[in-house]
Amino acid sequence: MSEAKVSGARIKVGIITLFPELFGTFSETSFVGRARSSGLLELELENLREHGLGKHRSVDDTPYGGGSGMVMRVDCIVQAMESLEARWGERAHRVLLTPQGQVLKTAVAQELSTHSSLIFICGRYEGFDERVRSFVDLELSLGDFVLTGGEIAAMAAIEALIRFVPGVLGNPESTGEESFSDALDGGLEYPQYTRPAEFRGLGVPDVLKNGDHAKVDAWRKAESRARTMARRPELSQAQRR
Ligand SMILES: C[S@@+](CC[C@H](N)C(=O)[O-])C[C@H]1O[C@@H](n2cnc3c(N)ncnc32)[C@H](O)[C@@H]1O
């Protein structure tokens, strides 16, 4: 299944999945939807079933050595990747979604955004035949938990990386002072407030209402440092190393 092909897209993303329908609303909504319609993102869904074998188009089989569950076949996955790349006319940066991979962080998302084409491979069942790992460039995890499939991890990676594709965010400063950004020394964002000025006894710090930008800036930097030390001290330590 091929999603809207947009010529001149800044980044092409292919998703190999047994459940392309999961990406329907995701690909049409908010930044991802806008990036697609403005030609900055081309999203192409490759239904792994189309590369399956036999009458039932099987893409999995029982594990050698026995054990429960089914394992995804290497031949079907490699054929799906090569089929996408043949259509694109280029070798993509191939990313395998697995709980055993490198954990998705801002720096990883930023690096992924620099490739002209990416393929995300979403697993199901008990995961992949080990040999699949020989055909990919990165193994990526959403965190230390096990999902039923790689699709939500692929969506998270796409949302995180698309923010770094020039032109996707209306205001380029939006990626500036975010949590984990260089502008905040890799720490957490400072507290933010909007109207009303008072809600059920909770007010807004005076410094934010006085219009003194230098003071606001200093307050935000200090709050960011304090919050990072309180909640994620390891982020501050990583910065000092
Ligand atoms: C049930 S999991 C298989 C887990 C595998 N048996 C293991 O223990 O490593 C099925 C698929 O979901 C995806 N998945 C599960 N947890 C994930 C995570 N934390 N990050 C990224 N993908 C994940 C992977 O694509 C995986 O192949």
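Taken over C-alpha atoms, the centres of domain 1 and domain 2 are 36 Å apart. Domain 1 covers 11–162 and domain 2 covers 176–240; the bounds come from an automatic or database domain assignment.

Before going on, the ground rules. This is a predicted model, in which local features need pLDDT of at least 70 and side-chain atom pairs count only at pLDDT 80 or more, while totals for chains, interfaces and linings use all residues. Residues are numbered from 1 along each chain as its sequence is written.

Now the overall picture. The C-alpha trace spans about 70 × 45 × 40 Å along its principal axes. The protein has seven helices and seven strands. These are DSSP runs, numbered from the N terminus, with helices being H or I of at least four residues and strands being E of at least two. In sequence order the pattern reads β-α-α-β-β-β-α-β-α-β-β-α-α-α.

Of the 241 residues, 27% are buried. Buried means that 20 or more other C-beta atoms lie within 10 Å of the residue's own; exposed means 12 or fewer, and partly exposed is in between, with C-beta atoms placed from the backbone. As for contacts, take those between residues at least 6 apart in sequence: 76% of them join residues at least 24 apart. A contact here is two C-beta atoms, placed from the backbone, within 7 Å.

Ala153 takes us to helix H5, where it is one of the buried residues. Seen down the axis of H5, the buried residues fall within an arc of 155°, so they line one face of the helix. That arc is the one of the directions from the helix axis to the C-beta atoms. In general, an α-helix has 3.6 residues a turn, so residues three or four places apart point the same way. H5 itself has twelve residues, 151–162, and reaches 16 Å from first C-alpha to last, close to the 16 Å expected; the expected span is 1.5 Å times one less than the number of residues.

Last, some individual residues. Arg131 is in the loop between strand E6 (117–121) and strand E7 (138–141). It is exposed, with 12 other C-beta atoms within 10 Å. Its C-alpha is 9.4 Å from that of Asp75, 56 residues away along the chain.

Then the backbone. Most residues other than glycine have a negative phi, and most peptide bonds are trans. Ser30, in helix H2 (residues 30–37), has phi near 55° and is exposed. Phe180 has a positive phi of about 75°; this residue lies in the loop between H5 and H6 and is partly exposed, with 17 C-beta neighbours inside 10 Å. Pro196 is also in the loop between H5 and helix H6 (213–231). A cis peptide bond joins Arg195 to Pro196, with omega about 5°.
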